Amino acid sequence: TTDGVNLYVADANNSKIRKIAIKTGVVTTLAGNGSIGSTDGSSADASFFSPEGITHDGNYLYVTDRSNQNIRKIVIETGVVTTFSGNG
């Protein structure tokens, strides 16, 4: 999904959410430490298990965390992750 400035990608194989600056192509990790899990928290502490679908509402990203069977909510500005829906 994109906000016109950045492209946000669910990187299922690396269990991370990536942010790509459209103008420069620079890729950074917005959320996820690369470990398989379902930990909520700061960008560096959060974990995912096969994140796939992704959309946004301007302030938050909503990510389908397929193997955890839930929806995760990420604050775009800070990368803080919480479980929005589902309990696995």
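Reader: Hi! What is a salt bridge?

Author: A salt bridge is a side-chain nitrogen of Lys or Arg within 4 Å of a carboxyl oxygen of Asp or Glu. Before we go on: this is a predicted model, where local features need pLDDT of at least 70, side-chain atom pairs count only at pLDDT 80 or more, and totals for chains, interfaces and linings use all residues. Residues are numbered from 1 along each chain as its sequence is written, and side-chain values use heavy atoms, leaving out hydrogens and water.

Reader: Thanks! How many salt bridges are there?

Author: The count comes to four salt bridges. In one of them, Arg 66 pairs with Glu 52, with the closest N and O atoms 2.8 Å apart. Arg 66 sits in the loop between S5 and S6 and Glu 52 in strand S4, 14 residues apart. Strands here are DSSP runs of E, at least two residues, numbered from the N terminus.

Reader: Is Arg 66 buried or exposed, or partly exposed?

Author: Arg 66 is partly exposed because its relative accessibility is 46%. Buried means under 20% relative accessible area, exposed over 50%, and partly exposed in between (1.4 Å probe, protein chains only).

Reader: New topic: which residues are linked in a network of salt bridges?

Author: Asp 40, Asp 65 and Arg 72. Asp 65 is in strand S5 and counts as buried, at 0% relative accessibility. Arg 72 is also buried, at 0%, whereas Asp 40 is partly exposed, at 34%.

Reader: How far apart are the N and O of Asp 40 and Arg 72?

Author: Their side chains meet at 3.0 Å, N to O.

Technical notes:
Helices (H or I, at least four residues) and strands (E, at least two) are DSSP runs, numbered from the N terminus.
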